[in-house]
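Hello,

Here is the structure we talked about. Please open it first, then read my notes below.

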Amino acid sequence: MAAAAVVRGIGSNLSKHLREVRLHLCQISAASQGSRDFIEQHYVTLKEANLELPILIRECSGVQPTLWARYGFGKERSVSLDNMNVDQVAKALESLVNAKP
Amino acid sequence: MLRLPAVSRALAGAAHSQGSIAITNNVRTSARASSNMVEVFVDGKPVMVEPGTTVLQTCEKVGVQIPRFCYHDRLSVAGNCRMCLVEIEKAPKPVAACAMPVMKGWNILTNSEKTRKAREGVMEFLLSNHPLDCPICDQGGECDLQDQSMMFGADRSRFTEGKRAVEDKNIGPLIKTIMTRCIHCTRCVRFASEVAGVEDLGTTGRGNSMQIGTYVEKMFMSELSGNVIDLCPVGALTSKPYAFTTESIDVLDAVGSNIVVSTRGGEVMRILPRLNEDLLKYENILSPFTHTHAISQLFQGSEVGAIAGGMVDAEALVALKDLLNRLDSDTLCTEEIFPMAGAGTDLRSNYLLNSRITGIEECDLMLLVGTNPRYEAPLFNARVRKSWLHNELQVAMVGHKVDLSYSYNHLGETTQVLQEIAAGTHPFCKVLAQAKKPVVVVGSSALQREDGAAIFKAVSTIAQNSRASSGVEEGWKVLNVLHRVASQVAALDLGYKRGVDAIRKNPPKVLFLLGADADCITRADLPKDSFIIYQGHHGDVGAVMADVILPGAAYTEKNGTYVNTEGRAQQTRVAVTAPGMAREDWKILRAISELAGVTLPYDTVDEVRRRLEEVSPNLVRYDDVEESNYFKQAHELSKAVNQSLLAAPLVPPQLTVKDFYMTDPISRASQTMAKCVKAATEGAASVDEPSIC
């Protein structure tokens, strides 16, 4: 699966570049389905590679699924995950890992 | 005040009770076959009710309020005040509406000649021995006797005898008793016996010489004792320590109970409970803030760390986090420890009371681990007791044996027991497997230990196993964490580190204590020339060791967001203005950020709340609980935890009632609470009270 490969590729780079990752999603809406699947399938692998990094998963009804990344000095970036599937969510995470803050 | 509507409304399904004393309607009409329902008439209007409904509940369903003193919908029925007498057509005598179940075809006349005569008579009897204390009585204006005598009493008196008087009883430093005013409704007796579980109050004597009290000089020793003040319909039991009222929430434990704060002259006089309902939002007015200049040079190039205490609101927490993050520091800690291993606080389901407080009434088996809910979260305990009384809830406990006001299966206090249950070898596992809706509650005090991660792993395993074996449906959550401090859940939602280990490992040059008074870090743990800033409202331990003290606002003095142990975000409101130069905590942090050169991007409380939403959207969903999932993932990660359980037994810090009164900086600074502790240890007579009339 493309998402699994991307997650493996990110590996522990997550904690090297980022200070905190936040994933906002809705528990039931269709637009968050990809995000929910991503957590079900890949959160554990991602966390095991980055045990010290806070990967905050905050479910809230009716929100637009969003991925936030915090870099050094409080800089933050966000990407909307609206209607994305699992692979696209993984790609979004990768883009945030590689982005300059 | 009870107001009788001019016309009783016809049945519409929904019942309205127009009382400021919110009387909830306990009559539920289910969707069963209508042949089960009984047809009754209230003043000629037909209404269908379930068999077993009392006359009083039937009238309430239609919208007719029947006056009463002894009836309370949360207590058992006594029927001794006789104020609720109503005439039934073609019946020889009036019936007590609160106790009499309706029969088919009855016509209840709530305003007939006989009913009115009965009410006037009862009122006359009640007032015959009642002292003429209205001008000096605390209950004046909110007294049931006053209201009902205006509405239903006679306009002239025939009383020419002398009134009896009763000695005042000393039942503790919280309750002022003037027993002459007591009308013997026995609400306090029933409350103490049923809800609080302590059978201290009772009636002595009969007729004119009847007295309510403890008979022997005994303190009414319960953590729920103050509630009888709200229950008493007259001024017999009032608040001893005690307007302007403000609706707010209680932050002295993590339950977030809804309260009304009554104030006078800038002091908080008393706290009353209120029902958990939707609230309107207020506007907040910014005030200009000035502060000293020394802070501005402080943050240049230094390592900064912060510790957040137990009563900090979410706005201050997010302001502090943003400030420190912009200074390139991630060392933000809470005083309360929560295991960092495994999923930690990534998944909300790991640290919330997932079954919710209302969910306790649905469960059939509860396992408590290392907690004494009676003193850590008394209202949670009252709910468990209610379930134990009415819903056949079985409770088992792993931890030190304590008196919970209900009987439970004490499995032991060693971690060995916990291990055996997790492994499936303990005999209790069979009981757990048969439960249809099990709930496991681990107290946050158990997680403060060094083997907290291992305890959490064991509890998580137990929860997963019992969920699998009970076959309960997807939506039911088994794992619950009962927190003890009001700010913990919000801090975990925002991504704070738990416990001060991070500070111990990397001692910073500048330490920011935000209401941190639990003495976790002392000067000895920090480098020699470190600088400590303390911001809080009751200068306790933290203020003593600080170099700079910034006066913040307490929860009654600010609009703050707190998240309770279920994950429900609620707000406090300003009841009194903060004294002197004190300001709201987030505003102080915003000012500091400007001086430090990293100005935070918000100026109003709405902007702070928008920032809260950016970090964790549930923080601004007031009065709602958001469902959290992914227990499987959390459990998988917890399996990797390699810690072993220590042999020390699981003993919660609060064991008896004397530990209950002084657990946080506000209580430690309170004279009334000090009197309570003294009375609890030495007896009620040991507390000196000025004589009050």
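**Two domains of chain B**

The C-alpha centres of domain 1 and domain 2 of chain B lie 24 Å apart. Keep in mind that this is a predicted model. The two domains touch, with 20 residues from domain 1 of chain B and 23 residues from domain 2 of chain B in the contact.

How much area is buried between domain 1 and domain 2 of chain B? It is about 1900 Å², and carbon and sulfur atoms give 56% of it. Look at Phe69(B), Leu75(B) and Ser128(B) on the domain 1 side. They lose the most area to domain 2 of chain B. Together they account for 33% of what that side buries.

Now the polar side of this interface. There are 12 residue pairs in polar contact between domain 1 and domain 2 of chain B, counting pairs with both residues at pLDDT 80 or more. By class, the side of domain 1 that touches domain 2 has 12 nonpolar, four polar and four charged residues. One salt bridge is found across this interface.

**A salt bridge to look at**

Over all chains, the structure holds 39 salt bridges. Arg158(B) sits in the loop between α3 (144–152) and β6 (175–177) of chain B, and Glu124(B) sits in helix α2 (residues 113–128) of chain B, so this pair ties together parts that are 34 residues apart in sequence. Their side chains meet in a salt bridge, at 2.9 Å from N to O.

**The domains and the records**

The domain assignment of chain B lists five entries:

- domain 1: 38–128
- domain 2: 129–241
- domain 3: 304–341 + 488–625
- domain 4: 354–482 + 628–640
- domain 5: 656–692

UniProt also has something to say about chain B. An unreviewed entry places "domain: 4Fe-4S His(Cys)3-ligated-type" at residues 114–153. In the model, residues 114–153 of chain B are 60% helix and 0% strand. The end C-alpha atoms of that span are 13 Å apart.

For chain A, an unreviewed UniProt entry places "domain: Ribosomal protein/NADH dehydrogenase" at residues 27–100. This span of chain A is 41% helix and 20% strand. Its end C-alpha atoms lie 31 Å apart.

**Where chain A meets chain B**

How many residues does each chain give to the contact? Chain A gives 30 residues and chain B gives 32 residues. The area buried between the chains is about 2600 Å², with 47% from carbon and sulfur atoms. Three residues stand out on the chain A side: Arg58(A), Glu59(A) and Phe73(A). They supply 25% of the area that chain A buries against chain B, more than any other three residues.

Six salt bridges are counted between chain A and chain B. In one of them, Asp330(B) pairs with Arg70(A), and the closest N and O atoms are 2.9 Å apart.

Which elements of chain A give two or more residues to the side that touches chain B? They are β1 (20–25), α3 (33–49), β2 (55–59) and β3 (66–70). Of these, α3(A) gives the most, with seven residues. The residues on this side of chain A divide into 13 nonpolar, six polar and 11 charged.

Best wishes

How values were computed: Residues numbered from 1 in each chain as written. Chains lettered and ligands numbered in written order. Predicted model: local features only at pLDDT ≥ 70, side-chain atom pairs only at ≥ 80, totals over all residues. Heavy atoms only, no water. Contact = heavy atoms within 4.5 Å. Buried area = accessible area lost by both parts, 1.4 Å probe. Salt bridge = Lys/Arg side-chain N within 4 Å of Asp/Glu carboxyl O. Helix = DSSP H or I, 4+ residues; strand = E, 2+ residues; numbered from the N terminus. Nonpolar A, V, L, I, M, F, W, Y, C, P; charged D, E, K, R; others polar. UniProt positions renumbered as here; feature names shortened; annotations may be inferred. Domains from an automatic or database assignment. Polar contact = N/O pair within 3.5 Å; in protein donor to acceptor, adjacent residues only side chain to side chain.
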